[in-house]
Amino acid sequence: MTLREKVITEFTDRFGGEPTAIVRAPGRVNLIGEHTDYNDGFVLPMAIDRAAWIALRPRADGAVNVQSLDFEGETQFSLNDLKKGANHWGEYVKGIAWALREAGHTLTGWDGVIGGDVPGGAGLSSSAALEMAVARAFAVTSGFAWDAGTMAKLGQKVENQWIGVNSGIMDQMISAAGKAGYALLIDCRSLETQLVPLPPETVIVILDTATRRGLVGSAYNERREQCETAARFFGVKALRDLTIEQFEARASELDELPRKRARHVITENARVLQAADAMRNGDAAAMGKLMIASHTSMRDDFQISSDALNAMVESALREDSCYGARMTGGGFAGCAVALVKEVAAEVFAARVAASYTLATGLTPNVYVCQASEGAAVVS
Ligand code: GLA
């Protein structure tokens with residue numbers, strides 16, 4: 001059964017009758033541009049063919065009742081009484097309702113069943129997928145228009161103010177605005193987006209280390225503070241506003257940690273723009289080199305990689321069919337991403353999985369992924 005069928009079947013079992021709408025919002029893999037989003041910089045993610053799905057039907061009494069295929073318990077709340085609760089998946093649902101209300105929307109409640117295949121804690125944005133799917137569900141029941149940037153900002157507000165992680169805009173933006181067949185160059189200051197195609201005859205391979213991050217909200221928030229310290233030192237609004245030359249002229253006056261964090265962000269922003277050009281020029285080799293440089297910068301300067309992620313990237317780079325690889329997402333665990341020759345993708349996946357297992361004793365999940373469409377009502 002597909003996920004779409006599963007949420008529909010479960011809906012009928014739990015609530016009786018048919019759902020009136022099905023919505024879907026994808027996870028994402030970031031090709032390059034890590035921890036640049038909250039520095040007002042550039043990112044180059046693509047929406048993946050793994051997503052959160054919701055089968056739903058409006059209710060007239062202002063209640064929201066949601067069941068999950070993946071997690072225990074049911075989330076039930078009234079739109080007139082939105083209070084923070086225990087931090088589990090239901091808080092993302094409630095948080096979106098809160099943010100929509102704060103933005104002035106009059107909301108209609110719904111019954112729904114949620115199911116997804118974006119692995120959690122893997123750096124593929126399962127929570128942004130959930131948030132954007134829920135926002136889509138409310139757009140359907142409450143009759144407001146879908147504007148990707150506005151909805152992404154609401155999702156970010158939920159992360160920041162309801163969940164308590166000071167994350168940037170990338171994950172929600174790509175989940176809301178992704179386009180099938182393309183990566184998206186996002187300017188995280190203006191939210192302008194440009195479609196960027198993959199180089200011909202290449203594919204994106206996700207390399208899941210089978211390690212999961214624990215509570216890294218604090219490490220994430222700490223990185224963000226270090227970036228802000230560096231921006232304040234240079235007297236700029238955000239690190240986006242510094243060239244590498246301006247940075248180097250005064251870098252030695254900065255403490256070690258903010259210096260390293262800033263160097264990552266400033267060089268990474270430049271790499272993202274070069275990567276988008278390389279992809280547009282069909283230059284897989286150049287794109288691959290930028291991915292490798294990005295990984296080194298995250299490992300040594302931003303210090304968000306892990307032994308497992310490094311082992312995975314090293315395994316990938318040993319293959320001739322691989323142009324480049326890097327860890328992806330917030331860091332510390334989860335997935336790496338590789339740009340690979342299309343004809344060799346299956347062999348690449350099998351060989352990298354075997355070599356990673358040899359190095360770490362872990363069984364990874366390595367698969368080719370397709371760029372998919374952003375959040376949408378699918379029927
Ligand atoms: C997480 C955050 C994003 C972004 C990435 C790192 O996914 O949610 O906003 O900062 O980490 O690039």
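A polar contact here is a pair of N or O atoms within 3.5 Å; within protein, one must be able to donate a hydrogen and the other to accept it, and residues adjacent in sequence count only if both atoms are side-chain atoms. With that in hand, glutamate 34 has a polar side-chain atom 2.7 Å from an oxygen atom of the ligand.

A word on the source. This is a predicted model, where local features need pLDDT of at least 70 and side-chain atom pairs count only at pLDDT 80 or more, while totals for chains, interfaces and linings use all residues. Residues are numbered from 1 along each chain as its sequence is written, and side-chain values use heavy atoms, with hydrogens and water left out.

Back to the ligand. For aspartate 37, the distance from a polar side-chain atom to a ligand oxygen atom is 2.5 Å, and for tyrosine 220 it is 2.6 Å. The ligand alone exposes 300 Å², and the protein buries 91% of that (Shrake-Rupley method, 1.4 Å probe).

Residues around the ligand, with a heavy atom within 4 Å of it, include Arg28, His35, Asp171 and Gly330. The shell has 3 nonpolar, 5 polar and 4 charged residues; in this scheme Asp, Glu, Lys and Arg count as charged, and Gly is among the polar ones.

Now the domains. In contact, meaning heavy atoms within 4.5 Å, are 38 residues of domain 1 and 47 residues of domain 2. The shell around the ligand takes at least three residues from each of the two domains.

Key:
Domains from an automatic or database assignment.
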